[in-house]
Amino acid sequence: MSPEVLQLCPLMPALEKALAERFTVHRFFELADADAFLAENASRLRGVVTGGHIGIPAELAARLPALEIVAINGVGFDKVDLAEAKRRGVRVSNTPDVLTEDVADLAIGLIVSVLRQIPLGDAHVRAGRWPSGDLALGSKVSRRRYGIFGFGRIGQAIARRLEGFGAELAYASRSPVETPVRAVGSLIELAAWSDVLVIAASASPETRNVVDAGVLDALGPHGVLVNVARGSLVDEAALLDALEAGRIAGAALDVFADEPHVPERFFSLHNVVLTPHMASATHETRQAMADLVLANLDAHFAGREMPTPLV
Ligand code: 8YV
(Lines give C-alpha, C1' and ligand atoms only; values in the text may rest on other atoms or scores of the structure.)
Protein backbone atom coordinates (compact mmCIF):
# COMPACT_ATOMS: atom_id res chain seq x y z
CA MET A 1 0.00 0.00 0.00
CA SER A 2 1.16 3.57 -0.72
CA PRO A 3 2.36 5.65 2.24
CA GLU A 4 -0.48 7.13 4.28
CA VAL A 5 -0.47 10.88 4.68
CA LEU A 6 -2.68 13.32 6.53
CA GLN A 7 -3.82 16.44 4.70
CA LEU A 8 -4.56 19.27 7.15
CA CYS A 9 -6.23 21.83 4.87
CA PRO A 10 -7.75 22.13 1.39
CA LEU A 11 -5.12 22.40 -1.36
CA MET A 12 -5.37 23.28 -5.04
CA PRO A 13 -7.15 20.50 -6.98
CA ALA A 14 -4.08 19.64 -9.10
CA LEU A 15 -2.03 19.06 -5.93
CA GLU A 16 -4.78 17.01 -4.29
CA LYS A 17 -4.99 14.88 -7.45
CA ALA A 18 -1.22 14.34 -7.58
CA LEU A 19 -1.13 13.47 -3.88
CA ALA A 20 -3.95 10.94 -4.34
CA GLU A 21 -2.00 9.27 -7.19
CA ARG A 22 1.01 8.74 -4.91
CA PHE A 23 -0.35 8.33 -1.41
CA THR A 24 -3.30 7.19 0.62
CA VAL A 25 -4.52 10.62 1.67
CA HIS A 26 -6.72 11.25 4.72
CA ARG A 27 -8.44 14.63 4.73
CA PHE A 28 -8.08 15.53 8.40
CA PHE A 29 -10.04 18.79 8.15
CA GLU A 30 -13.14 16.91 6.98
CA LEU A 31 -13.19 14.20 9.64
CA ALA A 32 -16.28 14.13 11.84
CA ASP A 33 -14.47 12.35 14.67
CA ALA A 34 -10.74 13.14 14.55
CA ASP A 35 -10.09 11.36 17.87
CA ALA A 36 -11.60 8.09 16.71
CA PHE A 37 -9.74 8.37 13.40
CA LEU A 38 -6.41 8.91 15.13
CA ALA A 39 -7.01 6.09 17.61
CA GLU A 40 -7.45 3.73 14.67
CA ASN A 41 -4.96 5.07 12.10
CA ALA A 42 -2.24 7.18 13.76
CA SER A 43 0.31 4.36 13.84
CA ARG A 44 0.29 4.20 10.01
CA LEU A 45 0.45 7.93 9.21
CA ARG A 46 3.92 8.71 7.83
CA GLY A 47 3.41 12.14 6.31
CA VAL A 48 1.54 15.38 6.85
CA VAL A 49 0.78 17.93 4.13
CA THR A 50 -0.23 21.33 5.43
CA GLY A 51 -0.35 25.07 4.71
CA GLY A 52 2.09 27.64 6.06
CA HIS A 53 -0.79 29.34 7.86
CA ILE A 54 -1.73 26.10 9.66
CA GLY A 55 1.48 24.14 10.17
CA ILE A 56 0.87 21.26 12.53
CA PRO A 57 -0.54 21.69 16.04
CA ALA A 58 1.87 20.27 18.65
CA GLU A 59 -0.88 18.03 20.13
CA LEU A 60 -1.52 16.47 16.73
CA ALA A 61 2.18 15.91 16.00
CA ALA A 62 2.52 14.25 19.40
CA ARG A 63 -0.22 11.79 18.45
CA LEU A 64 1.53 10.63 15.26
CA PRO A 65 4.22 8.14 16.31
CA ALA A 66 5.03 7.08 12.72
CA LEU A 67 5.40 10.64 11.42
CA GLU A 68 8.41 11.04 9.11
CA ILE A 69 7.74 14.23 7.16
CA VAL A 70 5.74 17.44 7.38
CA ALA A 71 5.55 19.03 3.92
CA ILE A 72 4.44 22.67 4.18
CA ASN A 73 2.71 24.21 1.17
CA GLY A 74 4.07 27.65 2.03
CA VAL A 75 7.23 29.42 3.08
CA GLY A 76 6.22 30.22 6.68
CA PHE A 77 7.06 27.61 9.31
CA ASP A 78 5.99 29.49 12.42
CA LYS A 79 3.24 26.94 13.12
CA VAL A 80 5.62 23.96 13.12
CA ASP A 81 7.85 23.21 16.10
CA LEU A 82 11.12 22.67 14.22
CA ALA A 83 13.13 21.93 17.36
CA GLU A 84 10.72 19.17 18.34
CA ALA A 85 10.71 17.84 14.77
CA LYS A 86 14.50 17.70 14.84
CA ARG A 87 14.48 15.97 18.22
CA ARG A 88 12.07 13.34 16.89
CA GLY A 89 13.86 12.94 13.57
CA VAL A 90 10.81 14.22 11.66
CA ARG A 91 11.72 16.03 8.46
CA VAL A 92 10.09 19.33 7.53
CA SER A 93 10.04 21.04 4.12
CA ASN A 94 8.60 24.35 2.87
CA THR A 95 8.27 26.20 -0.45
CA PRO A 96 10.65 29.19 -0.40
CA ASP A 97 11.52 31.45 -3.37
CA VAL A 98 8.69 30.42 -5.68
CA LEU A 99 6.22 32.73 -3.93
CA THR A 100 8.49 35.72 -3.27
CA GLU A 101 7.40 37.70 -6.35
CA ASP A 102 3.71 37.19 -5.72
CA VAL A 103 3.87 38.24 -2.09
CA ALA A 104 5.85 41.34 -3.06
CA ASP A 105 3.40 42.07 -5.88
CA LEU A 106 0.44 41.88 -3.49
CA ALA A 107 2.23 44.16 -1.03
CA ILE A 108 2.48 46.75 -3.83
CA GLY A 109 -1.19 46.17 -4.69
CA LEU A 110 -2.18 46.75 -1.07
CA ILE A 111 -0.04 49.88 -0.83
CA VAL A 112 -1.59 51.39 -3.95
CA SER A 113 -5.08 50.28 -2.88
CA VAL A 114 -4.97 51.82 0.55
CA LEU A 115 -3.21 55.06 -0.43
CA ARG A 116 -5.29 55.63 -3.58
CA GLN A 117 -8.51 54.20 -2.04
CA ILE A 118 -9.16 51.84 -4.94
CA PRO A 119 -11.77 49.74 -3.07
CA LEU A 120 -13.72 52.90 -2.12
CA GLY A 121 -13.64 54.12 -5.71
CA ASP A 122 -14.82 50.72 -6.90
CA ALA A 123 -17.68 50.66 -4.39
CA HIS A 124 -18.59 54.18 -5.43
CA VAL A 125 -18.92 53.29 -9.12
CA ARG A 126 -20.80 50.06 -8.35
CA ALA A 127 -23.28 52.10 -6.32
CA GLY A 128 -24.03 54.11 -9.47
CA ARG A 129 -22.20 57.17 -8.16
CA TRP A 130 -19.46 59.34 -9.59
CA PRO A 131 -17.13 61.51 -7.56
CA SER A 132 -18.50 65.01 -7.24
CA GLY A 133 -16.54 65.99 -4.19
CA ASP A 134 -18.06 63.19 -2.09
CA LEU A 135 -15.10 60.82 -2.45
CA ALA A 136 -12.23 62.02 -0.25
CA LEU A 137 -8.85 62.47 -1.90
CA GLY A 138 -6.23 59.75 -1.56
CA SER A 139 -2.50 60.05 -0.81
CA LYS A 140 0.48 59.81 -3.15
CA VAL A 141 2.24 56.50 -3.64
CA SER A 142 5.33 57.78 -5.46
CA ARG A 143 8.29 59.41 -3.74
CA ARG A 144 7.12 58.58 -0.22
CA ARG A 145 9.10 57.03 2.63
CA TYR A 146 8.67 53.27 2.90
CA GLY A 147 10.02 51.38 5.91
CA ILE A 148 10.27 47.63 5.50
CA PHE A 149 10.35 45.51 8.64
CA GLY A 150 11.99 42.19 7.78
CA PHE A 151 14.45 42.36 4.91
CA GLY A 152 14.71 38.78 3.70
CA ARG A 153 13.72 37.57 0.25
CA ILE A 154 10.24 39.09 0.39
CA GLY A 155 11.20 42.39 2.02
CA GLN A 156 13.92 42.91 -0.59
CA ALA A 157 11.56 42.08 -3.46
CA ILE A 158 9.12 44.70 -2.11
CA ALA A 159 11.97 47.23 -1.95
CA ARG A 160 12.96 46.54 -5.59
CA ARG A 161 9.41 47.21 -6.72
CA LEU A 162 9.17 50.39 -4.65
CA GLU A 163 12.31 51.76 -6.30
CA GLY A 164 10.19 52.09 -9.42
CA PHE A 165 7.97 54.48 -7.48
CA GLY A 166 10.92 56.70 -6.63
CA ALA A 167 10.49 55.67 -2.99
CA GLU A 168 12.82 56.54 -0.15
CA LEU A 169 13.58 53.23 1.49
CA ALA A 170 14.77 52.01 4.86
CA TYR A 171 14.57 48.69 6.64
CA ALA A 172 14.91 47.10 10.04
CA SER A 173 15.78 43.45 10.28
CA ARG A 174 16.90 40.77 12.73
CA SER A 175 20.18 40.32 10.89
CA PRO A 176 22.15 42.85 8.81
CA VAL A 177 21.74 42.57 5.05
CA GLU A 178 24.21 43.47 2.31
CA THR A 179 22.19 46.19 0.57
CA PRO A 180 22.38 49.86 -0.39
CA VAL A 181 19.07 50.34 1.44
CA ARG A 182 19.49 52.20 4.71
CA ALA A 183 19.29 50.10 7.87
CA VAL A 184 17.46 51.53 10.87
CA GLY A 185 18.22 50.18 14.33
CA SER A 186 14.75 49.50 15.66
CA LEU A 187 11.19 49.03 14.51
CA ILE A 188 10.00 52.07 16.43
CA GLU A 189 12.61 54.31 14.73
CA LEU A 190 11.65 52.83 11.38
CA ALA A 191 7.95 53.55 12.07
CA ALA A 192 8.72 57.14 13.10
CA TRP A 193 10.63 57.70 9.83
CA SER A 194 8.12 55.97 7.52
CA ASP A 195 5.06 57.19 5.65
CA VAL A 196 4.24 53.54 5.01
CA LEU A 197 5.44 50.74 7.27
CA VAL A 198 5.48 47.37 5.49
CA ILE A 199 5.67 44.22 7.60
CA ALA A 200 7.55 41.40 5.85
CA ALA A 201 9.29 39.65 8.76
CA SER A 202 8.74 36.04 9.66
CA ALA A 203 6.68 35.18 12.69
CA SER A 204 8.42 33.92 15.82
CA PRO A 205 8.00 34.30 19.57
CA GLU A 206 10.34 37.35 19.32
CA THR A 207 8.20 39.11 16.72
CA ARG A 208 4.84 38.42 18.42
CA ASN A 209 2.89 41.72 18.69
CA VAL A 210 6.00 43.76 17.85
CA VAL A 211 3.79 46.25 16.06
CA ASP A 212 2.23 47.59 19.26
CA ALA A 213 0.61 50.87 20.32
CA GLY A 214 4.05 52.51 20.65
CA VAL A 215 5.06 51.58 17.10
CA LEU A 216 1.69 52.72 15.73
CA ASP A 217 1.96 56.06 17.53
CA ALA A 218 5.46 56.46 16.10
CA LEU A 219 4.00 55.82 12.61
CA GLY A 220 1.59 58.61 13.38
CA PRO A 221 -1.64 60.13 12.02
CA HIS A 222 -0.33 60.31 8.43
CA GLY A 223 1.25 56.84 8.49
CA VAL A 224 -0.09 53.64 6.94
CA LEU A 225 0.58 50.04 7.99
CA VAL A 226 0.79 47.20 5.44
CA ASN A 227 1.10 43.58 6.59
CA VAL A 228 1.83 40.66 4.24
CA ALA A 229 3.68 38.57 6.86
CA ARG A 230 1.66 37.09 9.70
CA GLY A 231 -1.12 38.55 11.83
CA SER A 232 0.75 37.57 14.98
CA LEU A 233 3.30 40.38 14.43
CA VAL A 234 0.64 43.03 15.00
CA ASP A 235 -1.22 43.78 18.22
CA GLU A 236 -4.60 43.81 16.48
CA ALA A 237 -6.52 45.45 19.32
CA ALA A 238 -3.96 48.27 19.42
CA LEU A 239 -4.19 48.60 15.62
CA LEU A 240 -7.99 48.85 15.75
CA ASP A 241 -7.81 51.47 18.50
CA ALA A 242 -5.27 53.48 16.48
CA LEU A 243 -7.32 53.25 13.26
CA GLU A 244 -10.59 54.17 14.98
CA ALA A 245 -9.02 57.13 16.76
CA GLY A 246 -7.20 58.34 13.61
CA ARG A 247 -3.86 57.87 15.37
CA ILE A 248 -2.66 56.25 12.13
CA ALA A 249 -4.05 57.04 8.67
CA GLY A 250 -4.83 53.56 7.42
CA ALA A 251 -3.88 49.90 7.05
CA ALA A 252 -3.82 47.24 4.37
CA LEU A 253 -3.78 43.72 5.73
CA ASP A 254 -3.52 40.32 4.06
CA VAL A 255 -3.07 38.49 7.36
CA PHE A 256 -4.85 38.51 10.72
CA ALA A 257 -4.08 37.32 14.23
CA ASP A 258 -6.82 34.67 14.41
CA GLU A 259 -7.46 33.66 10.81
CA PRO A 260 -9.94 33.00 9.38
CA HIS A 261 -11.65 35.18 12.01
CA VAL A 262 -11.32 38.87 11.24
CA PRO A 263 -12.52 41.27 13.97
CA GLU A 264 -15.75 42.95 12.88
CA ARG A 265 -14.40 46.30 14.05
CA PHE A 266 -12.35 46.38 10.83
CA PHE A 267 -15.46 46.22 8.65
CA SER A 268 -16.80 49.69 9.38
CA LEU A 269 -13.44 51.39 8.79
CA HIS A 270 -13.02 53.14 5.43
CA ASN A 271 -9.28 53.59 5.81
CA VAL A 272 -8.48 49.87 5.61
CA VAL A 273 -8.06 47.34 2.81
CA LEU A 274 -8.54 43.72 3.86
CA THR A 275 -7.62 40.61 1.85
CA PRO A 276 -7.93 36.93 2.89
CA HIS A 277 -4.27 35.80 3.17
CA MET A 278 -3.97 35.59 -0.60
CA ALA A 279 -0.47 36.91 -1.25
CA SER A 280 0.73 33.66 -2.88
CA ALA A 281 -2.63 32.86 -4.47
CA THR A 282 -1.96 32.90 -8.20
CA HIS A 283 -2.34 29.92 -10.54
CA GLU A 284 1.32 30.03 -11.46
CA THR A 285 2.73 30.30 -7.97
CA ARG A 286 0.37 27.82 -6.36
CA GLN A 287 1.38 25.35 -9.10
CA ALA A 288 5.07 25.99 -8.39
CA MET A 289 4.41 25.53 -4.66
CA ALA A 290 2.53 22.29 -5.39
CA ASP A 291 5.42 21.02 -7.52
CA LEU A 292 7.81 21.70 -4.66
CA VAL A 293 5.59 19.98 -2.09
CA LEU A 294 5.48 16.90 -4.33
CA ALA A 295 9.23 17.03 -5.04
CA ASN A 296 9.94 17.11 -1.30
CA LEU A 297 7.57 14.22 -0.56
CA ASP A 298 8.85 12.16 -3.49
CA ALA A 299 12.46 12.72 -2.46
CA HIS A 300 11.73 11.81 1.16
CA PHE A 301 9.90 8.59 0.35
CA ALA A 302 12.56 7.62 -2.20
CA GLY A 303 15.29 8.15 0.42
CA ARG A 304 16.78 11.12 -1.46
CA GLU A 305 17.75 14.60 -0.22
CA MET A 306 14.71 16.91 -0.27
CA PRO A 307 15.02 20.01 -2.51
CA THR A 308 13.90 22.50 0.17
CA PRO A 309 14.36 20.98 3.62
CA LEU A 310 13.97 23.00 6.82
CA VAL A 311 14.88 20.09 9.09
C1 8YV B 1 -0.09 30.51 1.89
C2 8YV B 1 1.76 31.44 3.41
O3 8YV B 1 -1.28 31.22 1.93
O4 8YV B 1 3.72 30.74 2.35
C5 8YV B 1 3.16 31.00 3.41
O6 8YV B 1 3.74 30.90 4.50
O7 8YV B 1 1.24 31.82 4.39
C8 8YV B 1 0.99 31.47 2.12
O9 8YV B 1 1.79 31.39 1.02
C10 8YV B 1 -0.32 29.27 2.61
O11 8YV B 1 0.78 28.68 3.17
C12 8YV B 1 -1.02 28.31 1.65
O13 8YV B 1 -1.05 27.04 2.12
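This briefing goes through the ligand site, the nonpolar cores, some backbone features and a few single residues of the structure above. The structure is a predicted model, in which local features need pLDDT of at least 70 and side-chain atom pairs count only at pLDDT 80 or more, while totals for chains, interfaces and linings use all residues. Residues are numbered from 1 along each chain as its sequence is written, and side-chain values use heavy atoms, with hydrogens and water left out.

**The ligand and its surroundings**

- There are 13 residues around the ligand, and Val75, Gly76, Arg230, His277 and Ser280 come nearest; a residue belongs to such surroundings if one of its heavy atoms lies within 4 Å of the molecule.
- This shell divides into 3 nonpolar, 8 polar and 2 charged residues, where Ala, Val, Leu, Ile, Met, Phe, Trp, Tyr, Cys and Pro count as nonpolar, Asp, Glu, Lys and Arg as charged, and the others, Gly among them, as polar.
- A backbone N or O atom of Gly76 lies 2.7 Å from an oxygen atom of the ligand, and a polar side-chain atom of His277 also lies 2.7 Å from a ligand oxygen atom.
- In the side chain of Arg286, an N or O atom is 3.2 Å from an oxygen atom of the ligand.
- Taken alone, the ligand exposes 320 Å², of which the protein buries 92%; such areas come from the Shrake-Rupley method with a 1.4 Å probe, and for residues only the protein chains shown count as cover.

**The nonpolar cores**

- The largest nonpolar core has 33 residues, and those with the most contacts inside it are Ile111, Tyr146, Ile148, Ile158 and Leu162; a core of this kind is a set of buried Ala, Val, Leu, Ile, Met, Phe, Trp, Tyr and Cys residues joined through side-chain atoms within 4.5 Å.
- Buried means under 20% relative accessible area, exposed means over 50%, and partly exposed lies in between (1.4 Å probe, protein chains only).
- At least two residues of this core come from each of helix H5 (100-116), strand S6 (145-149), helix H7 (153-163), strand S7 (168-172), strand S9 (196-199) and strand S10 (224-227); helices (H or I, at least four residues) and strands (E, at least two) are DSSP runs, numbered from the N terminus.
- Helix H5 gives the most to this core, with 9 residues.
- Leaving aside neighbours within four places in sequence, Ile111 is in contact (heavy atoms within 4.5 Å) with Val141, Tyr146, Leu162, Val196, Val198 and Val226.
- A second, separate core of 32 residues includes Ala191, Ala203, Val215 and Ala238.

**Backbone features to look for**

- Most residues other than glycine have a negative phi, and most peptide bonds are trans.
- A cis peptide bond, with omega about 5 degrees, joins Glu259 and Pro260, and Pro260 is found in the loop between strand S11 (250-253) and strand S12 (272-274).
- Asp97, in the loop between strand S5 (91-93) and H5, has a positive phi near 70 degrees although it is a residue other than glycine.
- Asp97 counts as partly exposed because its relative accessible area is 48%.
- Gln117 is not a glycine either, yet its phi is positive at about 55 degrees, and its place is in the loop between H5 and helix H6 (118-126).

**Single residues in context**

- His26 lies in strand S2 (residues 24-27) and counts as buried because its relative accessibility is 17%.
- Not counting residues up to four places away in sequence, His26 touches Glu4, Val5, Leu6, Gln7, Phe37 and Leu45.
- Thr275 is placed in the loop between S12 and helix H11 (283-301) and is buried, with a relative accessible area of 13%.
- The side chain of Thr275 makes a polar contact of 2.7 Å with the side chain of Asp254; a polar contact is a pair of N or O atoms within 3.5 Å, and within protein one must be able to donate a hydrogen and the other to accept it, while residues adjacent in sequence count only if both atoms are side-chain atoms.
- Thr179, found in the loop between S7 and strand S8 (182-183), is partly exposed at a relative accessible area of 25%.
- A polar atom of the Thr179 side chain lies 3.0 Å from the backbone nitrogen of Val181.
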